[in-house]
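Please read this note with the sequence and the model open beside it. The points are numbered so that they can be checked one at a time.

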Amino acid sequence: MKLGWPNSWRYTLFSVGLWLVFLVALLTIEFALARDWPAHIRFGLACVPFITVVLQFRLSWATLMAQDEIVRGAHTERFFIAAATTLIVAIAYSTMPRAVGAPELPIWIVYPLFWGVLGVVATLRDRADS
Amino acid sequence: MKSRLRVLRAERDWTQEELAQAVGVSRYAINAIETERHAPSLDLAFKIASIFEVTVEEAFTNPYGIDASRSEVIHASSKPKLIAKG
(Lines give C-alpha, C1' and ligand atoms only; values in the text may rest on other atoms or scores of the structure.)
Protein backbone atom coordinates (compact mmCIF):
# COMPACT_ATOMS: atom_id res chain seq x y z
CA MET A 1 0.00 0.00 0.00
CA LYS A 2 1.32 3.43 -0.97
CA LEU A 3 2.20 5.65 1.97
CA GLY A 4 2.03 9.03 0.23
CA TRP A 5 2.51 12.37 1.90
CA PRO A 6 -0.36 13.45 4.21
CA ASN A 7 -3.10 15.11 2.23
CA SER A 8 -3.06 18.64 3.63
CA TRP A 9 -4.00 21.73 1.60
CA ARG A 10 -2.21 23.89 4.18
CA TYR A 11 1.02 21.98 3.68
CA THR A 12 0.77 22.07 -0.13
CA LEU A 13 -0.09 25.77 -0.25
CA PHE A 14 2.70 26.85 2.10
CA SER A 15 5.25 24.52 0.46
CA VAL A 16 4.57 25.89 -3.02
CA GLY A 17 4.78 29.43 -1.61
CA LEU A 18 8.05 28.75 0.20
CA TRP A 19 9.61 27.14 -2.89
CA LEU A 20 8.61 30.13 -5.00
CA VAL A 21 10.16 32.53 -2.49
CA PHE A 22 13.30 30.35 -2.35
CA LEU A 23 13.74 30.37 -6.14
CA VAL A 24 12.83 34.05 -6.57
CA ALA A 25 15.34 34.99 -3.84
CA LEU A 26 18.12 33.07 -5.64
CA LEU A 27 17.32 34.81 -8.93
CA THR A 28 17.06 38.21 -7.24
CA ILE A 29 20.50 37.75 -5.66
CA GLU A 30 21.98 37.27 -9.13
CA PHE A 31 20.07 40.33 -10.35
CA ALA A 32 21.25 42.36 -7.33
CA LEU A 33 24.87 41.38 -8.02
CA ALA A 34 24.57 42.36 -11.69
CA ARG A 35 23.00 45.72 -10.80
CA ASP A 36 25.38 46.27 -7.87
CA TRP A 37 22.67 46.75 -5.25
CA PRO A 38 23.78 47.95 -1.79
CA ALA A 39 25.41 45.34 0.47
CA HIS A 40 22.73 45.48 3.18
CA ILE A 41 20.01 44.67 0.60
CA ARG A 42 22.09 41.82 -0.79
CA PHE A 43 22.61 40.53 2.75
CA GLY A 44 18.86 40.62 3.36
CA LEU A 45 18.24 38.76 0.10
CA ALA A 46 20.90 36.20 0.98
CA CYS A 47 19.04 35.42 4.22
CA VAL A 48 15.71 34.69 2.47
CA PRO A 49 16.55 31.18 1.15
CA PHE A 50 17.63 29.82 4.52
CA ILE A 51 14.55 31.29 6.21
CA THR A 52 12.31 29.46 3.72
CA VAL A 53 14.22 26.24 4.46
CA VAL A 54 13.67 26.68 8.21
CA LEU A 55 9.95 27.33 7.62
CA GLN A 56 9.65 24.35 5.25
CA PHE A 57 11.17 21.94 7.76
CA ARG A 58 9.06 23.43 10.56
CA LEU A 59 5.98 22.85 8.40
CA SER A 60 7.06 19.29 7.52
CA TRP A 61 7.68 18.57 11.19
CA ALA A 62 4.22 19.86 12.22
CA THR A 63 2.60 17.80 9.44
CA LEU A 64 4.48 14.66 10.48
CA MET A 65 3.66 15.11 14.16
CA ALA A 66 -0.05 15.28 13.29
CA GLN A 67 0.09 11.73 11.82
CA ASP A 68 -0.31 8.41 13.59
CA GLU A 69 2.76 6.61 14.92
CA ILE A 70 3.11 4.21 11.98
CA VAL A 71 2.87 6.84 9.25
CA ARG A 72 5.25 9.03 11.25
CA GLY A 73 7.70 6.16 11.66
CA ALA A 74 7.60 5.27 7.96
CA HIS A 75 8.18 8.90 6.91
CA THR A 76 10.95 9.34 9.47
CA GLU A 77 12.76 6.33 8.01
CA ARG A 78 12.50 7.83 4.52
CA PHE A 79 13.71 11.23 5.74
CA PHE A 80 16.70 9.59 7.40
CA ILE A 81 17.67 7.63 4.28
CA ALA A 82 17.25 10.76 2.10
CA ALA A 83 19.25 12.96 4.51
CA ALA A 84 22.05 10.40 4.75
CA THR A 85 22.18 9.92 0.96
CA THR A 86 22.22 13.68 0.34
CA LEU A 87 25.03 14.21 2.84
CA ILE A 88 27.06 11.37 1.37
CA VAL A 89 26.66 12.76 -2.16
CA ALA A 90 27.40 16.33 -1.01
CA ILE A 91 30.50 15.35 0.95
CA ALA A 92 31.72 13.10 -1.86
CA TYR A 93 31.37 15.92 -4.37
CA SER A 94 32.77 18.62 -2.09
CA THR A 95 36.38 17.49 -2.54
CA MET A 96 36.11 17.00 -6.31
CA PRO A 97 36.52 20.63 -7.47
CA ARG A 98 39.90 20.95 -5.75
CA ALA A 99 41.01 17.38 -6.36
CA VAL A 100 40.07 16.85 -10.00
CA GLY A 101 38.83 20.25 -11.17
CA ALA A 102 35.11 19.41 -11.15
CA PRO A 103 32.87 22.48 -11.45
CA GLU A 104 32.11 24.36 -8.22
CA LEU A 105 28.47 24.05 -7.18
CA PRO A 106 26.59 26.35 -4.80
CA ILE A 107 25.85 24.82 -1.41
CA TRP A 108 22.14 25.63 -1.68
CA ILE A 109 21.90 22.85 -4.29
CA VAL A 110 21.91 20.42 -1.34
CA TYR A 111 18.38 21.52 -0.43
CA PRO A 112 16.60 20.64 -3.70
CA LEU A 113 18.84 17.59 -3.92
CA PHE A 114 17.51 16.40 -0.55
CA TRP A 115 13.87 16.69 -1.65
CA GLY A 116 14.68 15.01 -4.95
CA VAL A 117 16.37 12.11 -3.17
CA LEU A 118 13.42 11.90 -0.76
CA GLY A 119 11.09 11.57 -3.76
CA VAL A 120 13.19 8.73 -5.16
CA VAL A 121 13.42 6.99 -1.76
CA ALA A 122 9.65 7.31 -1.26
CA THR A 123 8.95 5.85 -4.71
CA LEU A 124 11.31 2.92 -4.14
CA ARG A 125 9.89 2.21 -0.67
CA ASP A 126 6.32 2.36 -1.97
CA ARG A 127 7.23 -0.12 -4.70
CA ALA A 128 8.88 -2.41 -2.16
CA ASP A 129 5.84 -2.22 0.14
CA SER A 130 3.27 -2.97 -2.56
CA MET B 1 4.46 -8.89 15.02
CA LYS B 2 1.75 -11.39 14.13
CA SER B 3 -1.79 -10.23 14.65
CA ARG B 4 -5.33 -11.53 14.24
CA LEU B 5 -6.64 -8.21 12.99
CA ARG B 6 -7.69 -9.55 9.62
CA VAL B 7 -9.67 -12.36 11.25
CA LEU B 8 -11.21 -10.07 13.87
CA ARG B 9 -12.17 -7.60 11.17
CA ALA B 10 -13.68 -10.31 8.99
CA GLU B 11 -15.75 -11.62 11.92
CA ARG B 12 -17.27 -8.16 12.28
CA ASP B 13 -17.35 -7.43 8.55
CA TRP B 14 -15.26 -4.29 8.98
CA THR B 15 -13.06 -2.77 6.31
CA GLN B 16 -9.54 -1.51 7.02
CA GLU B 17 -10.87 2.02 6.59
CA GLU B 18 -13.61 1.49 9.18
CA LEU B 19 -11.19 0.04 11.71
CA ALA B 20 -8.72 2.86 11.03
CA GLN B 21 -11.43 5.45 11.71
CA ALA B 22 -12.55 3.67 14.89
CA VAL B 23 -8.99 3.54 16.24
CA GLY B 24 -8.05 7.01 15.00
CA VAL B 25 -5.19 6.03 12.70
CA SER B 26 -4.67 5.92 8.93
CA ARG B 27 -5.63 2.98 6.72
CA TYR B 28 -1.92 2.67 5.94
CA ALA B 29 -1.30 1.96 9.64
CA ILE B 30 -3.87 -0.85 9.77
CA ASN B 31 -2.52 -2.32 6.56
CA ALA B 32 1.05 -2.12 7.86
CA ILE B 33 0.10 -3.92 11.08
CA GLU B 34 -1.86 -6.62 9.26
CA THR B 35 0.97 -7.27 6.82
CA GLU B 36 3.50 -7.29 9.72
CA ARG B 37 5.51 -4.41 8.27
CA HIS B 38 5.16 -2.40 11.49
CA ALA B 39 4.51 -3.37 15.09
CA PRO B 40 2.06 -1.13 16.96
CA SER B 41 2.99 0.63 20.18
CA LEU B 42 1.53 -0.73 23.40
CA ASP B 43 -0.96 2.12 23.46
CA LEU B 44 -2.16 1.44 19.92
CA ALA B 45 -2.30 -2.31 20.59
CA PHE B 46 -4.53 -1.70 23.65
CA LYS B 47 -6.70 0.68 21.63
CA ILE B 48 -7.19 -1.90 18.87
CA ALA B 49 -7.92 -4.64 21.41
CA SER B 50 -10.52 -2.39 23.09
CA ILE B 51 -12.27 -1.73 19.78
CA PHE B 52 -12.56 -5.49 19.19
CA GLU B 53 -13.47 -6.07 22.87
CA VAL B 54 -10.69 -8.64 23.27
CA THR B 55 -7.46 -8.72 25.26
CA VAL B 56 -4.20 -7.57 23.63
CA GLU B 57 -2.94 -11.15 23.47
CA GLU B 58 -6.09 -12.24 21.68
CA ALA B 59 -5.44 -9.61 19.03
CA PHE B 60 -1.64 -9.90 18.87
CA THR B 61 0.59 -12.92 19.30
CA ASN B 62 3.26 -12.51 21.96
CA PRO B 63 6.42 -13.17 19.91
CA TYR B 64 8.37 -14.16 23.03
CA GLY B 65 5.84 -16.59 24.47
CA ILE B 66 5.64 -17.12 28.21
CA ASP B 67 8.95 -18.35 29.56
CA ALA B 68 8.52 -19.48 33.17
CA SER B 69 12.20 -20.34 33.63
CA ARG B 70 13.27 -16.74 32.82
CA SER B 71 10.68 -15.39 35.19
CA GLU B 72 12.08 -17.57 38.01
CA VAL B 73 15.59 -16.27 37.39
CA ILE B 74 14.39 -12.67 37.67
CA HIS B 75 12.40 -13.38 40.83
CA ALA B 76 15.35 -15.19 42.40
CA SER B 77 17.73 -12.29 41.76
CA SER B 78 15.33 -9.63 43.03
CA LYS B 79 14.66 -11.13 46.46
CA PRO B 80 14.85 -8.45 49.17
CA LYS B 81 18.05 -8.54 51.19
CA LEU B 82 18.06 -8.23 54.97
CA ILE B 83 20.15 -5.32 56.20
CA ALA B 84 21.37 -5.51 59.77
CA LYS B 85 20.91 -2.29 61.65
CA GLY B 86 22.83 -0.96 64.59
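1. A word on the source comes before the details. This is a predicted model, and the values that follow are computed from it.

2. Chain A has five helices and zero strands. Read along the sequence, its pattern is α-α-α-α-α.

3. What are the overall dimensions of chain A? Its C-alpha atoms fill a box of roughly 55 × 40 × 15 Å along the principal axes. The radius of gyration of chain A is 18 Å, whereas a compact globule of 130 residues would have one near 14 Å.

4. Of the 130 residues in chain A, 32% are buried. The chain exposes about 8500 Å², and carbon and sulfur atoms supply 72% of that area. Among contacts in chain A with a separation of 6 or more, 73% are between residues 24 or more positions apart.

5. Which residues make the nonpolar surface patch of about 370 Å²? They are F50(A), I51(A), V54(A) and L55(A). V54(A) belongs to helix 2 of chain A, which covers residues 39-65. Patch residues need over 30% relative accessible area. V54(A) has 49%, so this residue is partly exposed and passes that cut-off.

6. In chain B, helix 2 has these buried residues: Q16(B), L19(B), A20(B) and V23(B). Because they cover an arc of only 100° around the axis, they lie on the same side of helix 2 of chain B. Their cover includes helix 1, helix 3 and helix 4 of chain B. After helix 2 of chain B comes G24(B), with a positive phi near 90°.

7. Is helix 3 of chain B, residues 27-34, mostly covered or mostly open? Helix 3 of chain B is mostly covered, with seven of its eight residues buried. The buried residues are Y28(B), A29(B), I30(B), N31(B), A32(B), I33(B) and E34(B).

8. The packing around helix 3 of chain B involves both chains. From chain A, its buried residues pack against helix 3 (69-94) and helix 5 (110-129). From chain B, they pack against helix 1 (5-12), helix 2 (16-23) and helix 4 (42-52). Helix 3 of chain B is followed by E36(B), whose phi is positive, near 60°.

Terms used: Residues are numbered from 1 along each chain as its sequence is written. Chains are lettered from A and ligands numbered from 1 in the order in which they are written. This is a predicted model: local features need pLDDT of at least 70, side-chain atom pairs count only at pLDDT 80 or more; totals for chains, interfaces and linings use all residues. Side-chain values use heavy atoms; hydrogens and water are left out. Patches are made of residues with over 30% relative accessible area and no salt bridge: like charges are joined within 9 Å, nonpolar side chains (Val, Leu, Ile, Met, Phe, Trp, Tyr) within 5 Å. Accessible areas come from the Shrake-Rupley method with a 1.4 Å probe; for residues, only the protein chains shown count as cover. A salt bridge is a side-chain nitrogen of Lys or Arg within 4 Å of a carboxyl oxygen of Asp or Glu. Helices (H or I, at least four residues) and strands (E, at least two) are DSSP runs, numbered from the N terminus. Buried means under 20% relative accessible area, exposed over 50%, partly exposed in between (1.4 Å probe, protein chains only). Contact means heavy atoms within 4.5 Å. The arc is that of the directions from the helix axis to the C-beta atoms. The radius of gyration is taken over C-alpha atoms; the globule rule is 2.2 Å times the number of residues to the power 0.38.
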